[in-house]
Every structure is written in structure tokens, then in C-alpha cells.
Amino acid sequence: MLNNVLDFVPKIPVAEKIKQFTDWVTNSFSFLFDPLKKYFEDLMEYVADLLGAVPPVLVILIVAVIAFFISGKRFGLPAFSIVGLWFIYNQELWDHLINTFTLVLIASLLSVIIGIPIGILMSKSRTAEAMITPILDFMQTMPAFVYLIPAVAFFGIGMVPGVFASLIFATPPTVRFTNLGIRQVPKELIEASDAFGSTAVQKLFKVELPMARATIMAGINQTVMLALSMVVIASMIGAPGLGRNVLSALQRAQIGPGFVAGIGIVILAIIIDRFTQSMNKKHDHV
Amino acid sequence: MPIIEVKNLTKIFGKNPAQALKLLDEGFSKHEILQKTGHTVGVNRASFSVEAGEIFVIMGLSGSGKSTLIRLLNRLIEPTKGSIFIDGDNLSKMDKKSLREVRRKKISMVFQRFALFPHRTVLENAEFGLEIQKVPKEERREKAIKALEMVGLGQYLEQKPNQLSGGMQQRVGLARALANDPEVLLMDEAFSALDPLIRKEMQDELLDLQGTMKKTIIFITHDLDEALRLGDRIALMKDGSIVQIGTPEEILMNPANDYVEKFVEDVDRSKILTAQHIMKRPETINIEKHGPRVALERMREEGISTIFVVDSKRNLKGYVTADDASEARKKDVRDIEEILRTNVPKVEKDTPMYDIFTVIHDSPIPVAVVEKEKLIGIIVRGSVIAALAGESEVSTNSAE
């Protein structure tokens, strides 16, 4: 009897509607998606080729030298970078590493380029903040796999849908932290800036962004790490890289190669994390 | 003409200030309005004017609306009602662009917690205002360095603010405000965050600087001693309203109401009051006309044991005691000069009371108050004690 109450409304065709909507977007905007896909594919292949053309020894050395300087002239991070990258090379995963790194690089860059302005907008307008915050919550709580589906619908398979999916998944921290960082700038500094007659733009670039820099960098660090995790998942829709090795190992239950590729991802993650973090610390001191 | 003129300036915090404004006009108090409408009256119809070159102190306890008032003056907080004229232009009606111009050229501000930009060096902080105005780099650098040298920080150009002590940081704040060469300086509790010794030093320095710069300074403080030290005039605020405006003396001597009186009670009067505030009208005899007989007679009439002797131009000649005068009469001495004592304890009319203590302590007779050798009053021990106790009658005696 009680169930009948719940059954009062027949199943609402939400899934169908979403599919219809996605189809409509795919069809209506294919004039946009297709050239976008082509352009980005070319760009990424170009970047990957460029990075891949550099001899691995040279890459390892450059990374080690940079690591040495940004970690405050200590030897831990450079040593780890040398050993870790050499291990990846030794396991014949170098090309996959370059592909993964390219994806992370492009996805993170796009996330930052899109995320910071949105974060600034949120910090300036209560309405914008109220509207964007739930969207960010939605983007971050939705299981990441779900993004793969529209990504495929819009862009087919390959690198571009991978970047698209990780863009959705990885942008929120940059947006949130930019908003937070600017809102945390002490009121007196804002007053000082206003009292001397700054325009809104002057205030943003001379006071708010420099003051929020550390917070924004923390957000970017998170974005990069999320992009990395998404890029691995994106191998399910044909994105190249280390993720693909993990996926194929999973499909064939090959525990050995699975772990080796996994370790490669961990090494890349640690190096990227330390690099982005120490960029932040360095700016704190200057 | 006053450089700043404020008329009926009102700020009400809340969503519907119109209603609160109406209640305010009907004479309801800040407290009643808060209860009835949930609106806070920040500043209630403040009116005053500030002359060019003046240090105008706005004083009140926390919550009295003084910080809101100073922020209304450069519209960091938008006024609800009323007007602010600077050089005759109505600031409260200006569009954003003209307001920016005023902030850039005419009004600079110094903040309680310094509000220095931590990511900029001392020099970069000082040149901030000029940078905002897009002054060419060389020129702004030069002006900023000059301002920093004025406050004694020429050696610290490349330091970051957090490497400096509190007092030095506020000097940077001051230099940043001065680099713009504004007409008006707004100082919001500028020295309140400093420890007492440094604070005093900064007050002295501000007065020194003011001696050469002749800016118009509007200074906010909750500290009456500071207000009295710095202010040419003081406005006292309570519950968003200005309850009294006057010179430090006027406020001390004639508190407008109980509130001001309470405020003033705690002041160390010995540092504020001077000889002329506590002196009494002197009993005198004229050296050219009077002899010991008259002297004795006058002393008997007034019930005193010494009397001061002046000439026709009231120049102080000395004093005679009752004993000497009585002796002289017995011996039939006619000339007062024979019994005249000239070692008169005396102070100038603007000697602070603090310094009178020692003089009066060592003196068996009243202390003479002089202005260019003219006797204008005397101080007896009783009036010193009365003044310290805060009796307001002391002021009536200073009228002469």
C-alpha cells in the first residue's frame, strides 16, 4: 500500500533527457568540437614529440638540476628524480611517461587559465560565488569515470577527450583556492589600496593576486595532482600514457606490469608535486 | 576657509537605512534604533570643519564611531546621508573617477595596523601611491626616498616590512602617505598599536614633521593623553555623535556633559594644566604709593601673611611679610623698600603644573605667576590641590 504512494509518479526519464541533451550538444556544436579536437590533437602531439625528441639522459639531468635549485640546494629531491626517472627509462616506459606528462601539462595549464579568472570572479561577486560553488561541488563529487562518457561523445577517443575530462575534474581546486586566497587578503590592505586611489584592476594585480599567490599555488598544486590521476583514468577512452599500461595489465590480470606502470605514475606524481610545491615556497621568501 | 567641511554626516549599517534614518530624525537613540530596526547607527549627524594646517583629533572609546567617521571622509565607507566638502568640492557626490583623483592627490591615510604590503620592500611600499598614479619610475622613487628620509628610514629601503619593528613599520606607513604630498592626512589610531615609549616618540616626531609640513591632519585616537598632546582641536564622540568640539583646554575645563567629564577625569591634569589655569588674583600694594602701614592693613583685611609689591605698571618688585611690616610700623619706617624682599618664587604663566610642584614645595609664600615680569597671579598650595582634584572652578580664576 505504502509503496503505491511512492509509485504515484512513474519513473522520470532523467537518463534519457541527459542523453538527448548530450546528443543535441554533440550535434549542434560539432562545428566547434571537431576543429577543437583537431587543433588540440596536433598541439599535444607536437608537444609530446618535442619532449620525446630530447634524449632521456638530458631530461633526467635537467630535472635533477632544477630539483637541486628549487629544493634549496639539497640533494634528496635531485637524487630521487635521477633514480626514479632512470627506473622508468629502464622499464621501457619512457615514451608513456612523456605522453602522460604532456597530457598533465596541457590539462593543468588549461585548468589554471580557466580556473583563475573564474576564481577572481567568485571573489568579487557574492552572487557568482553562490552560483559557482555548488557547480564545483558537483564537478568534484561526481565519480570521475562519468566524465569520460560525454568526453567521448564530444571528442571521440584519444588525447583530447582525456584532457577534457581531466579539465572538468581538476579545475575546481584552482577556482576555489583563487577565490579563497583573494577573500583572505586582510581588509586593511584592501582599504590601503583603495585609500590611495587604486582602480579595481590595479588593486587586483598589485595587491590581491600577489597576496593570494601562496594560496593560489596550493590550489594549482592540487589541480596538477588531480589532472594526473584523471589522465590515468582517461586511458580507458584511449588516452596514451602510463595509464594505458595499468589498464591493459588490469584487463589481463598481469600483476607485475601493472605495478611497474603504477610505480612509474607514483614517481611522476612525487616529482610534479614537489616541483609545484617548492615553487610556492620559493615565492614566499622572495 | 576650512579645507574640510562635514555637514550632518550619517552612516547607518543595515539593509534599509531609510527607516532608521527617520527614527534618528525623530530623536530615537542609537540603542533604541538597534532594537527597533536591527540597524546600527555608525555615525549620527556629525558636523565639523577642519582648517588647513590644523591637527584635528577625533576621540572616543571603541564603538563610538570614530573609525567609521574617518572612513566616511575618504569614502572607504559610503555615507548614508550628509556631505563632505574638501576644498569646496562635495566628496559625497563625486563619481568614482573624481573620488579616485581626490584619494590620489588630496587625501592619504595611515592605518592602525600599518597595512603595509608584505610582498613589497619598504621603498616599494612608500612609492605605492605614486605608482598607482603612474608617476614615472625615477620620479616616484625619488619622492618615496625623500619621504622615507623624512621619517628616518633612509637606510632601510630594501627591507621587507616584516623585518622592521612596529614603530619603524608605522614610519613606513607615514612615509607612504606623505610621498603623495597630500593636503590632508587621515590617521586612524595610527600609534595605538605601538608600545607607550615608541608611541610618545612617534607623537613627538609627528609634531616635528607637522611643524615643517603644515599638513591638515585628522587623527583618530581613544587615548585622551594622545589627543591632548597632538590636537589643536579635539572632537569627542559617543554613540556615533560628536558631543563636544574644542581646544584641549576647553574640553578639560568645560566638559560639555557628564560623558566628557568622565572621560576627562582620568587625565593626568598635572601635565595639561599650566600656571595660568590655577592661579588666583593677587593681592598687591604699589611700591610708588604705599608704605608698610597700608601693607599691614591690606594683609589684615585679606587674612594673609605676605603681600606682593608691584609698580604702577604691575611689574613685580618683591613682597613684604606681615612681621616685617609690623616691625617697620613700630620703628616708624615709611619706605616700603626697606622691608622689601626680592627673592620671590615665580613661574611663567605657561609653566605646566607638574613643574610648579617643586617650586611651591620649597616656598613658604605663594608663588608668583608672571608674564614678562608683570605679576598676573599667584598660586597657593590649596589651588594646586584643588586643580589636581579636578575642581572646575579653577578655570574661572584664569580669566584675567
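I take a residue as buried when its relative accessible area is under 20%, and as exposed when that value is over 50%. The model is predicted, and I kept that in mind for each entry below.

**Entry 1: chain A as a whole**

I began with how much of chain A is covered. Of its 286 residues, 46% count as buried. I then listed the secondary structure and found 13 helices and zero strands in chain A. Read along the sequence, the pattern is one α after another, written α-α-α-α-α-α-α-α-α-α-α-α-α.

**Entry 2: two loop residues of chain A**

I looked for positive phi values outside glycine. A:Lys73 has phi near 55 degrees. I placed A:Lys73 in the loop between helix H4 (56-70) and helix H5 (76-90) of chain A. Its relative accessible area is 53%, so A:Lys73 is exposed.

A:Glu92 also came up, with phi near 60 degrees. This residue sits in the loop between H5 and helix H6 (94-124) of chain A. Because its relative accessibility is 69%, A:Glu92 counts as exposed.

**Entry 3: the domains of chain B**

I noted that chain B is divided into domain 1 (4-106 + 182-267) and domain 2 (275-397). The centres of domain 1 and domain 2 of chain B, taken over C-alpha atoms, are 45 Å apart.

**Entry 4: where chain A meets chain B**

How many residues does each chain bring to the contact? I found 17 residues from chain A and 28 residues from chain B. The area buried between chain A and chain B is about 1,800 Å², and carbon and sulfur atoms give 61% of this area. On the side of chain A, A:Glu188, A:Phe196 and A:Lys206 supply 38% of the area that chain A buries against chain B, more than any other three residues.

I then turned to polar pairs. Eight residue pairs are in polar contact across the interface of chain A and chain B. The count of salt bridges between chain A and chain B is two. In one of these, A:Lys206 pairs with B:Glu131, and the closest N and O atoms are 2.6 Å apart.

Which elements of chain A give two or more residues to the side that touches chain B? They are helix H10 (187-195) and helix H11 (200-233) of chain A. H10(A) gives the most, with seven residues. By class, I noted eight nonpolar, five polar and four charged residues on the side of chain A that touches chain B.

I went back to A:Glu188, which lies in helix H10 of chain A. Is A:Glu188 buried or exposed? A:Glu188 counts as buried because its relative accessibility is 18%, under the 20% cut-off. Leaving aside neighbours within four places in sequence, I found A:Glu188 in contact with B:Phe111, B:Gln112, B:Arg113, B:Phe114 and B:Ala115. A polar atom of the A:Glu188 side chain lies 3.5 Å from the backbone nitrogen of B:Arg113.

In chain B I looked up B:Arg71, which lies in helix H3 (residues 66-73). With a relative accessible area of 8%, B:Arg71 is buried. Not counting residues up to four places away in sequence, B:Arg71 touches A:Glu191 in chain A, and its contacts in chain B include B:Leu76, B:Met109 and B:Asp188.

Terms used. Residues numbered from 1 in each chain as written. Chains lettered and ligands numbered in written order. Predicted model: local features only at pLDDT ≥ 70, side-chain atom pairs only at ≥ 80, totals over all residues. Heavy atoms only, no water. Contact = heavy atoms within 4.5 Å. Buried area = accessible area lost by both parts, 1.4 Å probe. Salt bridge = Lys/Arg side-chain N within 4 Å of Asp/Glu carboxyl O. Polar contact = N/O pair within 3.5 Å; in protein donor to acceptor, adjacent residues only side chain to side chain. Helix = DSSP H or I, 4+ residues; strand = E, 2+ residues; numbered from the N terminus. Nonpolar A, V, L, I, M, F, W, Y, C, P; charged D, E, K, R; others polar. Domains from an automatic or database assignment. Buried < 20%, exposed > 50% of the residue type's maximum accessible area, 1.4 Å probe, protein only.
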